[in-house]
Amino acid sequence: MDIIGIGYMGFETPNLEAWREYGPQVMGFGIGKNPESDPESLYFRIDDRRHRFAFHPGTVDRIAYIGWEAVGRMAFEDGIKKLAAANVEYTRGDAKLCEMRGVRELVRFRDPVGYQHELFYGQKWLPRSFQPGRPHSGFLADERGAGHVVLITPDYTPELEDFLLNVMGFSWYGAGAGKGRTGFFRSKLNHHTSHDIAYGHGPGRMGVQHVGLFVRNVRDVGETYDIVRQRELPMMMTLGQHAQDPHLSFYHFNPSGFAFETIAEIEPWQGDPYELNPEKLSLWGHEMVGPILGTSVKTPEEVLDPEYLPIYLAKR
Ligand SMILES: [Fe+2]
């Protein structure tokens, strides 16, 4: 599929009020206007798109959907053909859902793990309309997508890799340097970063491990780090530089219990000269000062929405 990257992500949380303050004041997100049909949720902006992150009221912290951006209408239609050819069940979003997401059209489908995905094109946008919630240089999103996400899967199967490689059309990036089995994947039209999504094997576990966001300036990493420390927010990894990506980043836990990796590019991504097999995760720093899995990682029974859970259990 001709996918640019992650266009948007949606989460459910019982901690909406915490996000309303944390999003702008810690992360520098702008608050977006609610769609008329969804006055309860919280919409965050990180660039000139209408929104990139939606937090919906819910009883448990979980990822509700990942919206993949097809480059345009033709790519979207081709993507649907790919889903149909692979016998992936999908439903078309109605006018109300498209208005909520701020897109022209979308389809919804699940990956073999059970996570909800959407494919869309044409998200609402207005140039030079982004205003951060606090002094901040802004985020590198735009044509490269909103960032990356790492999900935990209870089973890491060939079926999952087949779906990612052959249905979604992602490129394999590598297995990373962490312990355990993780696969990193990049959407077809992403030429800026090494990965858009990764699935890490966590037996019996599901949920978001972290979301990576690219800021425009090293200063934004430093200032976010200072704010996190001043507020004594829980940290996962201190400042450091990964071996396989020329980035400066740190990881801390947000009110939904998964980590944000705040990232500045030190130099451009080197591309895929060969499959990287780093000796260690990071060149320096990234000291583990908290758990690798936050409270957002739970059992499938806790993380999957009640509608889908019986289908998931029947498949196992
Ligand atoms: Fe990351």
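What follows takes the metal site, the aromatic pairs, the backbone, a helix and a pocket in turn.

## About the model

This is a predicted model, in which local features need pLDDT of at least 70 and side-chain atom pairs count only at pLDDT 80 or more, while totals for chains, interfaces and linings use all residues. Residues are numbered from 1 along each chain as its sequence is written, and side-chain values use heavy atoms, with hydrogens and water left out.

## The iron site

Let us start with the metal. Three residues coordinate the iron ion at 1.9 to 2.2 Å: His148 and His210, each through NE2, and Glu261 through OE. Donors here are N, O and S atoms within 2.8 Å of the metal (3.2 Å for Na, K and Ca); water is not among the atoms, so sites may look incomplete. Along the sequence, the donor residues follow the spacing H-x61-H-x50-E. His210 belongs to strand β13 (residues 207–214) and Glu261 to strand β16 (residues 259–265), so that pair, 51 residues apart, links distant parts of the chain.

Helices (H or I, at least four residues) and strands (E, at least two) are DSSP runs, numbered from the N terminus. Are His210 and Glu261 buried or exposed? Both are buried. Buried stands for under 20% relative accessible area, exposed for over 50%, and partly exposed for what lies in between (1.4 Å probe, protein chains only).

## Aromatic pairs and charges over rings

The structure holds 23 aromatic pairs. Phe29 is in the loop between α1 (16–27) and β2 (30–31) while Phe260 is in strand β16, so the pair ties together parts that are 231 residues apart in sequence. Phe29 counts as buried because its relative accessibility is 0%, and Phe260 counts as buried at 2%. Phe130 and Phe139 form another edge-to-face pair, at 6.5 Å centre to centre and 75° between the planes. Phe130 is buried at 17% relative accessibility, and Phe139 is buried at 2%. Ring pairs also link residues into a cluster that includes Phe29, Phe130, Phe139 and Phe260, along with Trp19 and Tyr22. For these pairs, rings of Phe, Tyr and Trp (its six-membered ring) have centres within 6.5 Å; planes under 30 degrees apart count as stacked, over 60 as edge-to-face and the rest as tilted.

Two arginines also meet rings. The charged end of Arg101 sits over the ring of Tyr65, 3.6 Å from its centre, and that of Arg144 sits over the ring of Phe214, 5.4 Å from its centre. A charge sits over a ring if NZ of Lys or CZ of Arg is within 6 Å of the ring centre and within 35 degrees of the ring normal.

## Positive phi in a loop

Most residues other than glycine have a negative phi. Arg128 has a positive phi, near 55°, and lies in the loop between β8 (116–123) and β9 (148–153). At 83% relative accessibility, Arg128 counts as exposed. Asp142 has a positive phi as well, near 45°, and is placed in the loop between β8 and β9. With a relative accessible area of 28%, Asp142 is partly exposed.

## Helix α4

In helix α4 (residues 158–167), the buried residues include Leu160, Phe163, Leu164 and Val167. Which elements do the buried residues of α4 pack against? They pack against α2 (73–85), β7 (103–110), β9, β10, β11 and β12, where contact means heavy atoms within 4.5 Å. Gly169, with a positive phi near 75°, follows α4.

## The largest pocket

The largest pocket holds about 690 Å³ of space. Its lining comprises 31 residues, and Gly178, Thr182, Gln209, Leu281 and Ile292 lie nearest its centre. Among the lining's contributors, β9 gives the most, with three residues. On a 1 Å grid over the protein atoms alone, a pocket is an open set of points where a 1.4 Å probe fits, with protein on both sides within 12 Å along at least five of seven lines; lining residues have an atom within 4 Å of a point. Grid points are joined across faces, edges and corners, and a volume is the space filled by probe spheres set on the points.
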